[in-house]
Amino acid sequence: MKNGKATGPDNIPVEIIKTLDNLGIDLTTKLLNAIYDSGEIPEDLCKSVFIVLSKTPGATECELHGTISLMSHFTKILLRVLMHRMRKSIRPEISQKQFGFMPDKGTRNAIFTLSMFMERCIEMQKDLHHCFIDYSKAFDKVRHVELFRILEKLDIDGKDLRVIRNLYWDQTASVRIEGEHSSFKPIKRDVRQGCVMTPDLFNVYSEIILRNLDGISGLKINGKNLKNLRYADDTVLIAESGKQLQKLLDTVVLESERMGLSFNVKETECMVISKKSSNPKCNLVSKGEKIKQVTKFKYLGYLVPDNIRWQMHK
């Protein structure tokens with residue numbers, strides 16, 4: 001663990017644990033073993049302090065602020081141990097279409113794959129319809145009951161699951177603004193901010209939503225039916241026709257809302273890649289609202305254009 005990190009609600013810096021050397025290791029091991037065997041987590045280890053940071057200078061709206069979470073360093077050690085134990089059960093459940101927080105994958109892989117899909121469709125003279133889905137604070141909308149229902153179906157050790165469940169049930173948080181703290185309040189939903197397990201837990205949560213797309217046609221390449229690409233919650237639905245894309249979108253919206261995730265229609269956009277002189281209209285709708293069709297979209301920092309045919313020709 002790096003030195004100089006801010007302390008959590010227990011005010012114990014990581015430097016003290018390191019300074020104790022072997023004694024610190026023994027004391028930490030005894031503490032975490034007691035938590036693991038009993039399932040009971042000390043109150044300070046369940047607490048988090050949120051610090052509000054402005055995304056833009058002079059921001060006054062809540063939406064223009066982000067937060068970072070401070071928690072006990074002992075909690076971080078406990079969660080890292082549990083993460084390594086549980087990953088052997090969680091990782092195999094995650095689809096290869098998920099590029100976020102997965103080993104040997106990243107934004108470059110997702111961008112390259114999407115580009116290859118576009119070029120392949122142009123070569124085969126097929127239209128490619130995209131829908132870039134936008135969720136409203138997806139990580140904050142995860143329902144704990146649904147999350148643990150999913151985890152219970154996996155081959156996870158009962159004690160591991162009990163500790164994580166109790167940590168989520170008993171967690172509280174305070175907000176610190178200009179040195180002043182609010183009172184600690186329970187958190188009823190989300191995946192814990194700043195937790196090393198959050199990416200894996202969110203990936204398996206969103207995986208259940210996208211599994212409901214089985215049976216719907218998307219883009220067929222080399223005998224495989226591809227329907228989406230994902231980087232965490234940044235999701236792209238792909239299909240060969242507007243009708244197929246509409247079915248994919250309707251299913252994702254329905255299943256997302258069933259799992260508590262809010263679908264942002266106004267920020268969701270669609271695009272069509274075609275070899276035709278003028279791109280076809282997408283005419284995608286959700287809940288009676290028309291999805292905006294665009295000629296370019298910035299996905300994971302890469303500007304995706306609808307005129308890729310001219311770039312390939314050049």
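Guide: The questions below concern this predicted model.

Visitor: How many disulfides does the structure hold?

Guide: A disulfide requires a pair of cysteine sulfur atoms within 2.5 Å. Cysteine 121 is in no disulfide, the nearest cysteine sulfur, that of cysteine 282, being 14 Å away. For cysteine 195, the closest cysteine sulfur belongs to cysteine 46 at 12 Å, which is too far for a bond. The number of disulfides in the structure is zero.

Visitor: Is cysteine 195 buried or exposed?

Guide: The term buried applies under 20% relative accessible area. Cysteine 195 has a relative accessibility of 6%, and therefore it counts as buried.

Visitor: What kind of aromatic pair do phenylalanine 132 and phenylalanine 297 form?

Guide: By the ring-pair rule, the structure has six aromatic pairs. In the pair of phenylalanine 132 and phenylalanine 297, the ring centres are 4.1 Å apart and the planes lie at 10 degrees. Planes under 30 degrees apart meet the criterion for stacking. The pair is therefore stacked.

Visitor: How many residues apart in sequence are the parts that phenylalanine 132 and phenylalanine 297 tie together?

Guide: Phenylalanine 132 belongs to strand E3 (residues 128-133), and phenylalanine 297 to strand E15 (residues 296-299). Phenylalanine 132 is buried at 2% relative accessible area, and phenylalanine 297 also counts as buried, at 16%.

Visitor: What kind of pair do the rings of phenylalanine 148 and tyrosine 168 form?

Guide: Phenylalanine 148 lies in helix H5 (residues 144-152) and tyrosine 168 in helix H6 (residues 158-170), so their pair ties together parts 20 residues apart in sequence. Phenylalanine 148 is buried at 2%, and tyrosine 168 is buried at 1%. The ring centres are 5.7 Å apart and the planes stand at 80 degrees, where an angle over 60 is the criterion. The pair is therefore edge-to-face.

Visitor: Which element gives the most to the lining of the largest pocket?

Guide: The largest pocket holds about 700 Å³ of space. Its lining has 24 residues, and those closest to its centre are His65, Thr67, Lys137, Asp140 and Gln193. Two elements give two or more residues to this lining, namely strand E1 (47-54) and strand E2 (65-71). With three residues, the element that gives the most is E2.

Visitor: How many charged residues does the lining of the second largest pocket have?

Guide: The second largest pocket has a volume of about 300 Å³, and Gln96, Thr113, Phe117, Lys224 and Leu226 are the nearest to its centre among 13 lining residues. Helix H4 (107-123), strand E8 (224-226) and strand E9 (228-231) each give two or more residues to the lining, and H4 gives the most, with four. By class, the lining has six nonpolar and four polar residues, and the number of charged residues is three.

Note on methods: Residues are numbered from 1 along each chain as its sequence is written. This is a predicted model: local features need pLDDT of at least 70, side-chain atom pairs count only at pLDDT 80 or more; totals for chains, interfaces and linings use all residues. Side-chain values use heavy atoms; hydrogens and water are left out. Buried means under 20% relative accessible area, exposed over 50%, partly exposed in between (1.4 Å probe, protein chains only). Rings of Phe, Tyr and Trp (its six-membered ring) pair if their centres lie within 6.5 Å; planes under 30 degrees apart count as stacked, over 60 as edge-to-face and the rest as tilted. On a 1 Å grid over the protein atoms alone, a cavity is a set of points where a 1.4 Å probe fits but cannot get out, and a pocket is an open set with protein on both sides within 12 Å along at least five of seven lines; lining residues have an atom within 4 Å of a point. Grid points are joined across faces, edges and corners, and a volume is the space filled by probe spheres set on the points. Ala, Val, Leu, Ile, Met, Phe, Trp, Tyr, Cys and Pro count as nonpolar, Asp, Glu, Lys and Arg as charged, and the others, Gly among them, as polar.
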